[in-house]
Amino acid sequence: MAERIALFATTTRGTEDLLADELKELGARRIRQDRGGVRFMASLDEALKVCLWSRISMRVLYPLGTFEAHGAQGLYDAARGVAWEEHLTPTTTFAVDATLKDSEHSHSGFVALKVKDAIVDRMRDVVGTRPDVNTKNPDVSVVAHLSRDTLSLSLDLCGEPLHRRGYRVRPTVAPLKETLAAAILRAARYTGDEALVDPMCGSGTLLIEAGMMARRRAPGLNRDFAVERWPELGARAKELLADMRADARRDERKVEVPLWGFDKDPEALDAAQRNVRAARLTEEITLAEGDATKLPPLPASSGLILTNPPYGDRIGTGGQKGMKSFYYKLGESLRVPGWRVWVLSGNPAFESAFHARPSARRDLMNGPIDCTLLGYRPSGGGGEDSEAPLRASHEPVDVASVRPEHEGEEDR
């Protein structure tokens with residue numbers, strides 16, 4: 001790898017600016033936001049630091065080129081033109097992951113297959129033998145993105161997507177991705193130095209990401225990266241990462257603030273407990289069964305209430321009217337003097353039903369669902385920090401149904 005090369009870190013749409021700020025803190029240079037990610041320049045050690053420490057990136061890609069590719073033959077020819085012998089050896093395993101956008105091809109697997117065939121044929125012609133494909137744990141991960149007739153090819157420094165921290169041993173239905181949870185915490189200006197409560201914690205992702213931030217724990221500490229197995233850079237990358245991991249472990253700190261989570265669903269609470277245990281944060285995070293509309297006394301005089309309430313009508317009967325009633329009760333319960341409130345909502349009915357005016361908003365995608373992240377200043381303090389409620393003498397009326405609850409997004 002050259003002194004500094006161009007890289008591209010992917011992220012959830014709507015969080016590009018948050019990732020750009022994070023990359024700047026991690027030492028990246030010439031940072032430029034793009035749709036779905038951030039372009040930047042980095043040396044090998046800077047790129048490895050991003051892999052280890054980025055909480056928001058999904059992937060860190062090393063672009064190999066962009067090509068016109070018409071039809072199946074165009075895909076094959078474009079991919080075959082890349083000097084794969086510079087990145088692979090006959091003993092190196094590889095896999096191709098493809099994504100499509102507005103393409104004449106309807107199946108990403110077909111695009112991946114054509115790129116794979118081109119790599120194999122090129123290697124056979126140039127070095128005399130072909131490398132093997134390993135779809136589960138390849139040494140080199142090739143990422144192909146076809147947008148209309150433009151094929152972009154990259155190598156993924158990380159291998160497995162960075163949201164796979166290793167602690168989600170028990171998911172719930174439609175959990176937040178770890179990287180999105182971290183982006184939400186950053187948007188809410190959480191630094192790990194104030195108390196945090198999630199009154200609808202589900203499988204615990206927001207709490208665990210907050211706990212890792214409060215511990216100053218590197219999110220990639222307990223995983224390896226594909227770049228450690230690259231033929232040319234692997235040995236040096238492994239050596240650098242060993243030093244970085246040792247430094248990261250030494251610099252972790254004790255958490256001095258309470259982190260509390262509640263959930264009404266015993267199964268969700270059990271999942272959260274298992275995940276917190278897997279994340280080695282049982283001393284830092286307190287979990288208990290509880291109703292978000294009837295909060296117990298909170299563990300500090302101020303802090304952050306952060307939550308991702310249901311988007312549909314899973315919480316009971318009554319359809320959309322029931323959801324409006326639930327959101328109204330949340331507005332009564334969560335507005336605690338001294339506590340900031342941030343809510344990720346995927347239901348257009350939420351904002352009016354919550355009956356408080358947000359001081360900040362951000363549009364996000366949670367999987368395929370359009371969401372809004374809403375921030376509310378502490379109530380009851382007066383002056384700039386008070387939030388003028390949108391008064392209502394009765395609970396809001398029904399509104400039209402919203403789209404179904406999300407099923408989770410693909411690991412892209």
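**View 1. Strands β4 and β7 pair side by side in this predicted model.** Strand β4 (residues 59-68) and strand β7 (residues 150-156) run antiparallel and are joined by seven bridges; two strands pair if DSSP finds at least two bridges between them. Look for G65, which stands opposite L153 in β7. Strands here are DSSP runs (E, at least two residues) and helices are H or I runs of at least four, numbered from the N terminus.

**View 2. An open sheet of seven strands.** Follow the order β2-β3-β1-β4-β7-β6-β5, with mixed pairing. At the edges sit β2 (29-34) and β5 (94-101), each pairing on one side only. From one strand to the next, the twist averages 30°.

**View 3. Helices α2 and α7 pack together.** Helix α2 (residues 44-53) meets helix α7 (residues 234-251) at about 50°, with axes 10 Å apart; axes are lines fitted to C-alpha atoms, for helices over the stretch in contact, and angles run from 0 to 180 degrees between N-to-C directions. The two helices are therefore oblique to each other (under 35 degrees is roughly parallel, over 145 roughly antiparallel, 65 to 115 roughly perpendicular, the rest oblique). Contact residues (heavy atoms within 4.5 Å) include L48 and W53 of α2 and L240 and M244 of α7.

**Notes for all views.** Residues are numbered from 1 along each chain as its sequence is written, and side-chain values use heavy atoms, leaving out hydrogens and water. Local features need pLDDT of at least 70, side-chain atom pairs count only at pLDDT 80 or more, and totals for chains, interfaces and linings use all residues.
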